[in-house]
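The following paragraphs walk through a single protein chain, from its overall build to its side-chain contacts. Please keep the sequence and the model in view while reading.

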Amino acid sequence: MINVDKKNQAFTLVEMLVVLMILGIAAAVIVPMLSGNSQMQLTTATSQLASALMYAQTLAIATQQPVQIVFDTDAQTYEIQDQNGVTLYDPINKMPSGTADPTPYLYRVDFSSDPDMKLVNIDSAGFDSQNSLWFDRLGSPYAGDIASPMPLNVGSVTLSAQNSQSTVTISIEPISGKVTITEN
């Protein structure tokens, strides 16, 4: 049996300093990761939207059919549709055969219900004062309704991160449809 003296049961000053230093280092690493979550979601949403714009343009060229992207800033959504307004399937999330409900496999992005995007807002989506952008068979961008073509003069989407001053503007150039990302 070990006889322990009550005086020797305390922590030394060096032990306390080592523990405090470890906690300080852990806090310095973890706190920025927690506070930067909205910024990471904004970066992801920006990349995803830029990819969706380029996909719609490429799909229009490949199929020789108009393809549009329709934004709803109130609902915080956008979706890729064909010339008849039917939402297309997402090429990455393919519907398994025999699946009855195709909804999860449609190319529709909903920031408000997606846990990976819930801290991101679509602040504005304007294409010559319209909420939709479409590409013709040559990949040129147009604004508004597919039935009445208006060549795009100005087009952009602005995303922001909640609890942050960070915003990103994704611009679509007239004629070429080139996508440009600008951090504000």
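What percentage of the 184 residues in the protein do buried residues make up? The model is a predicted one, and in it 35% of the residues are buried. The accessible surface of the protein is about 11,300 Å², and carbon and sulfur atoms account for 59% of that area.

The chain contains two helices and 10 strands. Read from the N terminus, the order of elements is α-α-β-β-β-β-β-β-β-β-β-β. Contacts across the sequence can be counted as well: of those between residues at least 6 apart in sequence, 55% join residues at least 24 apart.

The largest nonpolar core has 34 residues, and the members that touch the most other members are Y78, F111, F127 and L159. Elements contributing two or more residues to this core are α2 (37-63), β1, β2, β4, β5 (132-135), β8 (155-161) and β9 (167-172). Helix α2 provides the largest share, nine residues.

A second pair to look at is that of Y78 and F111. Their ring centres are 6.1 Å apart and their planes stand at 85 degrees, so this pair is edge-to-face. Y78 belongs to strand β2 (residues 77-82), while F111 sits in the loop between β3 (108-110) and β4; the two are 33 residues apart and again link distant parts of the chain. Y78 and F111 are both buried. Through ring pairs, F71, Y78, F111 and F127 are linked into a cluster.

Charged side chains are the next topic. Side chains of opposite charge can pair when their charged atoms come close. The model has two salt bridges. In one, E79 pairs with R108, and the closest N and O atoms are 3.1 Å apart. This bridge links distant parts of the chain, with E79 in strand β2 and R108 in strand β3, 29 residues apart. R108 also forms a salt bridge with D110, where the closest N and O atoms are 3.8 Å apart.

D110, at 19%, is buried by the same cut-off. R108 has a relative accessibility of 43% and therefore counts as partly exposed.

The last stop is on the surface. L13, L17, V19, L20 and L23 form a nonpolar patch there, and together they have about 530 Å² of accessible area. One of these residues, L17, is found in helix α1 (residues 13-35).

Definitions and conventions. Residues are numbered from 1 along each chain as its sequence is written. This is a predicted model: local features need pLDDT of at least 70, side-chain atom pairs count only at pLDDT 80 or more; totals for chains, interfaces and linings use all residues. Side-chain values use heavy atoms; hydrogens and water are left out. Rings of Phe, Tyr and Trp (its six-membered ring) pair if their centres lie within 6.5 Å; planes under 30 degrees apart count as stacked, over 60 as edge-to-face and the rest as tilted. Helices (H or I, at least four residues) and strands (E, at least two) are DSSP runs, numbered from the N terminus. Buried means under 20% relative accessible area, exposed over 50%, partly exposed in between (1.4 Å probe, protein chains only). Patches are made of residues with over 30% relative accessible area and no salt bridge: like charges are joined within 9 Å, nonpolar side chains (Val, Leu, Ile, Met, Phe, Trp, Tyr) within 5 Å. Accessible areas come from the Shrake-Rupley method with a 1.4 Å probe; for residues, only the protein chains shown count as cover. A salt bridge is a side-chain nitrogen of Lys or Arg within 4 Å of a carboxyl oxygen of Asp or Glu. A nonpolar core is a set of buried Ala, Val, Leu, Ile, Met, Phe, Trp, Tyr and Cys residues joined through side-chain atoms within 4.5 Å. Contact means heavy atoms within 4.5 Å.
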